[in-house]
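Good morning, everyone. Please bring up the sequence and the model on your screens, and we'll walk through them together.

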Amino acid sequence: MAAVEAIRRETTMDDRESPERQDDDHDQSRRTDSPPRSPPDVSTNSLGSRVERVRRDVEEPPAKRTKTTAQDASQLLTTKTGGAYIPPARLRLMQAAITDKSSVNYQRIAWEALKKSIHGLINKVNVANIQEVVLQLFKENLVRGRGLFARSCIDAQSQSPTFTHVYAALVAVVNTKFPQIGELVLKRLIVNFRKSYRRNQKATCLASVRFVAHLVNQTVADEVIALETVTLLLEKPTEDSVEVAIGFLKECGLKLSEVTPKGLNAVFDQLRSILHESEVDTRVQYMIEVLFAIRKDKFKDHPSVVKELDLVEEEDQFTHPLTLTEDYDPEDLLNVFQFDKEYVDNEEKYKAIRREILDEGDVESGDEEGGDDTDEEEEEETEPPKTETIVDSTETNLVTLRKNIYLTIQSSLTHEECCHKLLKLNIKPGQEMELCHMIVDCCAQERSYNKFFGLLAQRFCQLNQAYVEPFQKIFVDSYDTIHRLETNKLRNVAKFMGHLLFTDAISWLALSHVKLNEDDTTSSSRIFIKILFQELSEQMQMEPLIKRIQDPSLQEAFEGLFPRDNPKNTRFAINFFTSIGLGGLTDALREHLKAAPKPLANQPAAVKDESESSSSSSSDDDSDDSSSSSSSDSSPPRGRANDRRERDRNGRDGGKEKDQNGKDRSRDNHRERRSDRRDSDKRERRRSPSPKRHNERRRSRDRHRDRR
């Protein structure tokens with residue numbers, strides 16, 4: 001009531017007239033003979049309405065006042081533009097009036113507060129306070145406000161392009177925890193670039209590509225999108241497109257020179273052709289020359305990432321392989337308010353995520369919750385979650401890993417670049433075998449052998465010994481199943497394994513699994529061995545290869561390839577290597593075969609002759625036996641054993657017999673024995689074919705088998 005009396009007092013003081021004014025009115029009333037005017041009514045004045053409003057605010061009960069505030073909030077929040085500016089004090093009153101978190105009004109007020117907070121934090125970020133701003137951003141619900149975050153970053157960068165590297169660093173940090181937010185920013189930048197490129201909006205196009213360039217520097221975006229952007233801008237060169245391409249290369253040229261030097265060289269060759277052909281204005285030509293000078297200085301004044309903004313480790317960053325050729329949804333609906341039926345549950349989930357990111361304790365609940373309920377919820381949240389082992393029976397992760405490995409191999413220009421990219425995939429322990437299998441499979445699918453895959457496998461074996469054993473196991477498995485491969489794939493795999501052997505990427509002991517003989521080899525395995533050793537001789541030359549084969553420490557590896565256990569297998573190995581033009585590798589085998597004892601070398605033939613002679617002697621009559629023994633000159637010899645007996649008998653009985661004329665017949669007997677020996681040798685050669693004929697027959701059988 002004191003406030004009402006004060007306002008009344010002010011009103012009477014304002015309405016009181018001065019003495020001069022009263023005298024003039026008195027004279028006028030005399031002239032007109034009219035009655036004097038009455039003072040104005042307070043209730044009809046504007047000040048009177050103010051008095052009534054103050055009286056109503058003071059005298060109304062709190063419950064009625066809260067109801068009025070809620071009605072005003074509902075009216076403000078349901079307007080067409082989403083509500084006008086609400087002062088902070090009144091906003092707190094409105095939030096206190098609305099207690100139901102699942103209501104539309106509460107969620108709309110929370111949405112407006114979230115939008116204001118994110119927009120304010122992004123506008124004040126700089127190099128000095130970026131770490132503090134990131135921590136404050138993680139306290140806000142970025143999952144719900146990811147559309148607001150992306151729009152605020154893009155708008156702020158377009159208004160101040162000189163701070164592009166700061167906004168890119170901010171997006172890079174957020175991308176480590178929420179990759180979908182980084183992907184959304186990149187998609188919207190791609191869509192904005194396409195629109196501005198079609199509409200010839202140079203400023204918007206330059207801002208978009210500048211942001212993309214710094215995201216490439218922060219490894220949020222892949223370098224493929226950078227090369228596609230420059231290629232699109234220089235495909236049909238104009239003054240504006242060349243200028244935008246130059247601005248883009250200044251920002252990410254250093255990063256591209258480190259990641260894809262060949263791609264960057266191709267871009268600069270295209271710029272050089274534009275400069276020589278004089279297709280653009282003199283000003284743009286000067287800009288191209290300046291860019292070449294910057295490249296010559298190795299982008300000294302244009303670093304990819306400033307030291308203060310290098311906040312993310314390379315292995316923690318998530319790179320999005322987006323391209324310009326695909327269509328992306330910018331998800332513009334995330335920029336406006338949408339009612340969430342599970343608002344409370346989603347808020348609790350984000351609180352758990354926030355505690356994990358910021359390493360906070362239990363977040364205190366709001367003031368509207370009771371103390372007992374808060375303690376119970378905190379106790380439930382502090383309980384350790386039950387760990388459950390999830391078994392992926394669909395092998396989705398394995399298929400995704402193989403897809404990423406294949407795309408990385410096919411998109412790389414050099415083996416060093418490919419190895420660097422594959423190491424960035426963070427291959428988990430136990431997945432080395434999948435990587436090795438993918439390298440071998442990609443090599444086998446080529447039309448001809450590509451040395452790229454051999455160098456790639458060699459690089460992995462030299463970097464980490466964990467890849468040596470998988471490649472050795474693949475060698476053994478490939479040899480066992482070599483008959484399943486086509487000729488082209490067989491050739492590629494053999495040359496690939498030969499490269500790993502002569503570079504000592506894998507151990508030569510893997511060759512101990514190969515057994516070169518007629519029983520353990522097939523036509524496919526012999527072709528594999530042929531191509532393998534031809535590749536080794538071509539890369540190592542013959543003398544080093546022979547020294548390697550004769551190395552005492554590697555005799556276990558070559559025991560099966562150069563067998564010495566059986567003369568038959570030894571001859572087979574000698575004939576095989578001689579037929580493929582590598583007979584020099586079998587010199588030691590030949591010496592071993594010559595030095596072998598004769599009974600060991602002639603035992604199979606002697607046994608065969610003895611069996612034949614025994615069978616023939618049993619079939620003859622006694623009379624034939626007596627006649628053959630008495631007259632050895634008239635009957636032909638029957639094997640080497642009989643010849644030897646006859647020669648011994650002739651040597652004892654008729655060694656020095658003389659005829660009637662007294663002449664010595666020993667010389668004639670010697671000639672007869674020599675002729676008998678020649679005849680027996682001819683019969684032996686007819687009975688057993690020569691090694692050369694035998695090898696020719698075997699090769700013809702192999703060719704017919706391959707044709708079938």
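This is a predicted model: local features need pLDDT of at least 70, side-chain atom pairs count only at pLDDT 80 or more; totals for chains, interfaces and linings use all residues.

The chain has 708 residues, and 35% of them count as buried.

Now the fold elements. How many helices and how many strands does the chain have? There are 32 helices and 0 strands. And the contacts? Take those with a separation of 6 or more: residues 24 or more positions apart account for 72% of them.

Next, helix pairs. Two packed helices are described by the angle between their axes and the distance between the axes.

Pair one. Find helix 7, residues 130–139, and helix 16, residues 343–358. Their axes are 9 Å apart, and the packing angle is about 155 degrees. Angles over 145 degrees count as roughly antiparallel. Helix 7 and helix 16 are therefore roughly antiparallel to each other. Which residues make the contact? Helix 7 brings Leu135, Leu137, Phe138 and Lys139. Helix 16 brings Tyr350, Arg354, Ile357 and Leu358. By class, that is 6 nonpolar residues, no polar ones and 2 charged ones.

Pair two. Move on to helix 11, residues 202–217, and helix 12, residues 223–235. Their axes come within 9 Å and cross at roughly 150 degrees. Is the crossing left-handed or right-handed? Helix 11 passes helix 12 in a left-handed crossing. On the helix 11 side, look for Val209, Val212 and Val216. They meet Glu223, Ile225, Ala226 and Thr229 in helix 12. This contact divides into 5 nonpolar residues, 1 polar and 1 charged.

An angle from 65 to 115 degrees would count as roughly perpendicular, and one under 35 as roughly parallel. Helix 24 supplies Arg526, Ile529, Lys530 and Phe533. Helix 26 supplies Phe572, Phe576 and Phe577. The classes here are 5 nonpolar, no polar and 2 charged.

Stay on helix 24 for a moment. Ser524 lies in this helix. Is Ser524 buried or exposed? Its relative accessibility is 16%, so Ser524 counts as buried. What does Ser524 touch? Leaving out residues up to four places away in sequence, Ser524 touches Ile482, His483 and Leu490.

Last topic: backbone angles. Most residues other than glycine have a negative phi. Two residues here are worth a look.

Start with Glu331. Its phi is near 55 degrees, a positive value in a residue other than glycine. Where is Glu331 found? Look in the loop between helix 15, residues 282–296, and helix 16. Glu331 has a relative accessible area of 30%, so it is partly exposed.

Then Asp504. Its phi is near 60 degrees, again positive in a residue other than glycine. With a relative accessible area of 46%, Asp504 is partly exposed.

Notes:
Residues are numbered from 1 along each chain as its sequence is written. Side-chain values use heavy atoms; hydrogens and water are left out. Axes are lines fitted to C-alpha atoms, for helices over the stretch in contact, and angles run from 0 to 180 degrees between N-to-C directions. Helices (H or I, at least four residues) and strands (E, at least two) are DSSP runs, numbered from the N terminus. Contact means heavy atoms within 4.5 Å. Ala, Val, Leu, Ile, Met, Phe, Trp, Tyr, Cys and Pro count as nonpolar, Asp, Glu, Lys and Arg as charged, and the others, Gly among them, as polar. Buried means under 20% relative accessible area, exposed over 50%, partly exposed in between (1.4 Å probe, protein chains only). A crossing is left-handed if the near helix is turned anticlockwise from the far one by less than a right angle, and right-handed if clockwise.
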